[in-house]
Amino acid sequence: MKTIAIISSVGGAGRTTLTAALAGLLGARKHAVLALECDPRNVLALYGGLREPAGAGLASYLLNPGSAPAEAALQSDDGTLWLPWGGARPQGGLSAAEQAMIAATLHRQPGWLRDLLAQVDLPGNGIALVDTATWPSVHAEQAIAAADLVVVVVPPTPLACATLLRLRAELAGRGKQSLYVANGISPAMALHTDIIALLRQLLGAELSTYRIHADSGVPEALARNQNFSLAAPHSQAAHDMQGLATWLSSWVKQASRRAAPAAGGAP
Ligand SMILES: Nc1ncnc2c1ncn2[C@@H]1O[C@H](COP(=O)(O)OP(=O)(O)OP(=O)(O)O)[C@@H](O)[C@H]1O
Ligand SMILES: [Mg+2]
């Protein structure tokens with residue numbers, strides 16, 4: 001199994017959208033997929049088609065380590081497993097004290113998520129996709145520490161560019177293989193094409209050739225509880241997501257093959 005963290009240095013970049021879309025698209029490519037939310041916003045399950053925020057999830061496991069995290073996992077019709085952050089309650093969400101306790105645990109144990117994922121039993125080409133809170137945060141740090149590959153989602157905004165170099169230095173310092181994906185691109189906007197040119201200059205081959213175009217159908221599908229790639233399969237943005245999923249699928253297969261001899265498997 002390979003773990004792919006989906007992070008960004010600004011909010012609203014499209015991390016959760018891409019996590020949910022890739023979960024379905026990678027499942028369609030015959031990967032067993034676990035989509036996991038390391039983000040107290042607790043919205044991933046909504047992007048996955050649920051109508052209510054999840055009650056159980058990583059947060060409940062962190063507050064009660066005696067429970068089994070697998071019990072909080074949900075399975076969608078296409079076979080994807082979803083492990084949300086959880087914490088929704090009829091009266092609201094987690095208290096400030098509970099959130100502080102969780103953050104302190106994550107800070108104290110930077111390898112907590114990596115250790116948890118090491119216990120997950122997905123087949124060889126299985127993929128854990130981790131949606132995170134905006135970096136820097138203890139939640140993003142957990143996802144980065146657990147990741148075999150970090151996908152950095154970059155919206156075409158000046159703030160995303162301004163914060164990117166610090167994030168890139170951090171990932172390089174930790175020896176993390178990274179793929180930068182521009183999301184929400186409108187080629188008709190000069191600012192967007194300028195930012196893409198700048199990103200290409202800064203990131204070279206680390207910038208994915210699959211940039212995801214802006215499409216008003218993406219938030220509309222979310223509002224309707226629909227899977228965007230299925231609702232608008234012929235749109236440019238769905239085509240872009242398919243391309244990214246194909247790239248990730250072959251990355252996972254190659255990385256699993258490379259790891260097999262070291263793990264004692266067939267060469
Ligand atoms: N390619 C796109 N075209 C149009 N809208 C998009 C695109 N990608 C994402 N969006 C919309 O942008 C908004 C933010 O997306 P999303 O919630 O996935 O970002 P995020 O990085 O997870 O944000 P947060 O910081 O809140 O966790 C959503 O309304 C989503 O529907
Ligand atoms: Mg999000």
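**View 1. Leu74 has Trp82 of β4 as its bridge partner.** The two strands, β3 and β4 (residues 81–83), are antiparallel and joined by two bridges. Strands count as paired if DSSP finds at least two bridges between them. Helices (H or I, at least four residues) and strands (E, at least two) are DSSP runs numbered from the N terminus. The model is predicted: local features need pLDDT of at least 70, side-chain atom pairs count only at pLDDT 80 or more, and totals for chains, interfaces and linings use all residues. Residues are numbered from 1 along each chain as its sequence is written, while chains are lettered from A and ligands numbered from 1 in the order in which they are written.

**View 2. Eight strands form an open sheet with mixed pairing.** Their order is β3-β4-β2-β5-β1-β6-β7-β8. At the edges are β3 (74–75) and β8 (212–213), each with a single partner strand, so one side of each lacks a neighbour in the sheet. Helix α1 packs on the sheet and touches β1, β2 (33–38), β5, β6 and β7; its direction lies at about 165 degrees to that of β5. Helix α6 (residues 138–146) also packs there, touching β1, β2, β5 and β6, with its direction at about 150 degrees to that of β1. Contact requires C-beta atoms, placed from the backbone, within 7 Å. Axes are lines fitted to C-alpha atoms, for helices over the stretch in contact, and angles run from 0 to 180 degrees between N-to-C directions.

**View 3. Strand β1 (residues 2–7) is largely enclosed by the rest of the structure, because six of its six residues are buried.** Buried residues have 20 or more other C-beta atoms within 10 Å of their own; exposed ones have 12 or fewer, partly exposed ones fall in between, and C-beta atoms are placed from the backbone. Lys2, Ile4 and Ile6 point one way, and Thr3, Ala5 and Ile7 the other. In a regular strand the side chains alternate between the two faces of the sheet. Five bridges pair β1 in the parallel sense with β5 (residues 127–132), where Ala5 stands opposite Val130. The pairing of β1 with β6 (residues 149–154) is also parallel, over four bridges, and Ile7 has Val152 as its partner in β6.

**View 4. Helix α1 is mostly covered, with 12 of its 14 residues buried.** The helix reaches 20 Å from first C-alpha to last, close to the 20 Å expected at 1.5 Å a residue; the expected span is 1.5 Å times one less than the number of residues. Ala23 is part of α1 and counts as buried because it has 29 C-beta neighbours inside 10 Å. Apart from residues up to four places away in sequence, Ala23 touches Val33, Ala35, Thr80 and Leu129. After α1 comes Lys30, with a positive phi near 70 degrees.

**View 5. Ligand 1 has 19 residues around it.** Gly11, Gly14, Thr16, Thr17 and Pro219 come nearest. Elements giving two or more residues to the shell are α1 (15–28), β7 (178–185) and α9 (217–223). A residue is near a molecule or strand if its C-beta atom, placed from the backbone, lies within 6 Å of it. The shell comprises seven nonpolar, nine polar and three charged residues. Ala, Val, Leu, Ile, Met, Phe, Trp, Tyr, Cys and Pro count as nonpolar, Asp, Glu, Lys and Arg as charged, and the others, Gly among them, as polar.

Technical notes:
Contact = placed C-beta atoms within 7 Å.
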